[in-house]
Amino acid sequence: MEDYPRTLAELEARFSTEEACREYLAQLRWPEGFRCPRCGGAKAWRLRRLLFECQRCGVQTSVTAGTIFQDIRKPLTMWFRAAWLVTSQKTGASAMGVQRVLGLGSYRTAWTWLHKLRRAMGRPGRDRLSGRVEVDETFLGGHEKGLRGRKTLRKVLVVVAAQEDGPGVGRIRMRRIKDTSANSLVPFVVESVEAGSVVHTDGWQAYNGLSEKGYTHEVTILRGRTETASQLLPRVHRVISLLERWLLGTHQGAVSHEHLDYYLDDFTFRFNRRTSRHRGKLFYRLLQQAVTVDPSPYREMIKHARGRRPADHNP
Ligand SMILES: [Zn+2]
């Protein structure tokens, strides 16, 4: 059952204390009850607040250890407000907006917060696209004249997969790539689209290996001079136009190459949930992903829980 606030007033009433925020995160992280991150044990002593000690192996863990909230210095109540700002607006939030609304001391802090939250937006292994999917790669900045000439995003190559939904676009996936070789494009398709799907591309040879990977590869070759890539693969190019407008509008074009991936995750997270009637669902999903722990950093987390008292994680 998805339990989330529906309005800002509900958010503020419900998450006015650290305790309430931690309880909520605990529900999201351990929906079936506590699980020890080291041994998988289900029984724990509950120490003060939300600090757990595994009854089997004795490891102590807090609800935020090993999540994006591990080392935060500001209260969770503020982070919940930031997560709400990011998810409640259709276009998301800019660092400047977050700084202003939360009264954060610096732009830099607000920017860092947004990046932490964006890390929870893109997760490997999430559902792949299926059915009929358009795939094309393009340089960002070619669609919106305003972006041309900006140093920040010149010559960034992005590949986009857009699921067909009648004449419209279903869900999408996108990634920054370093070149248009098969080594860059094919792995993207494999990770983004389920085998057995129809993948529609232009005639670029780097896509030739797709049928070997279990896809029905449909190729449309640009023939006449009157056709453009946007007409052949309209969904991908509609998505790219929206992405460019968003980078220019919400973020004023102030996105550098090295951070672009996070913005792509942010855009994708939002785009794939654009028809959701309740914005609160995005808040729920974001926090759920924020506390989902990858198996790999658990050692780091345990070291942390032992080395520094977990109760002090969020002073
Ligand atoms: Zn254990």
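Let me start with a cysteine: Cys39 has 26% relative accessibility, so Cys39 counts as partly exposed. By that I mean between 20% and 50% relative accessible area, with buried under 20% and exposed over 50%, using a 1.4 Å probe and protein chains only. Cys54, in contrast, sits at 1% and therefore counts as buried.

Before going on, a word on what we are looking at. This is a predicted model, where local features need pLDDT of at least 70, side-chain atom pairs count only at pLDDT 80 or more, and totals for chains, interfaces and linings use all residues. Residues are numbered from 1 along each chain as its sequence is written, and side-chain values use heavy atoms, with hydrogens and water left out.

Helices and strands, by the way, are DSSP runs numbered from the N terminus: H or I with at least four residues for helices, E with at least two for strands. The protein has eleven helices and eight strands.

Now please look at α2. Two packed helices are described by the angle between their axes and the distance between the axes. The axes are lines fitted to C-alpha atoms, for helices over the stretch in contact, with angles from 0 to 180 degrees between N-to-C directions. The axes of α2 and α10 (residues 280–290) come within 9 Å and cross at roughly 75°, which means α2 is roughly perpendicular to α10. That label covers 65 to 115 degrees; under 35 is roughly parallel, over 145 roughly antiparallel, and the rest oblique. Tyr24, Leu25 and Leu28 of α2 meet Phe283, Tyr284, Leu287 and Gln288 of α10, where contact means heavy atoms within 4.5 Å. Six of these residues are nonpolar, one is polar and none is charged.

With α3 (residues 76–88), the axes of α2 and α3 come within 8 Å at roughly 60°, so α2 is oblique to α3. Here Glu18, Cys21, Arg22, Tyr24 and Leu25 in α2 meet Leu76, Thr77 and Phe80 in α3. This contact has five nonpolar, one polar and two charged residues.

Beyond four places in sequence, Phe283 touches Pro5, Leu11, Phe15, Tyr24, Phe80, Ala83, Trp84 and Thr87. Phe283 and Phe80 are 203 residues apart in sequence, yet 8.7 Å apart C-alpha to C-alpha.

One last stop: Glu218 in strand β8 (residues 216–219). Glu218 is partly exposed at 30%, and its contacts beyond four places in sequence include Arg132 and His200.

To finish, 48% of the 315 residues of the protein count as buried.

How values were computed: Nonpolar A, V, L, I, M, F, W, Y, C, P; charged D, E, K, R; others polar.
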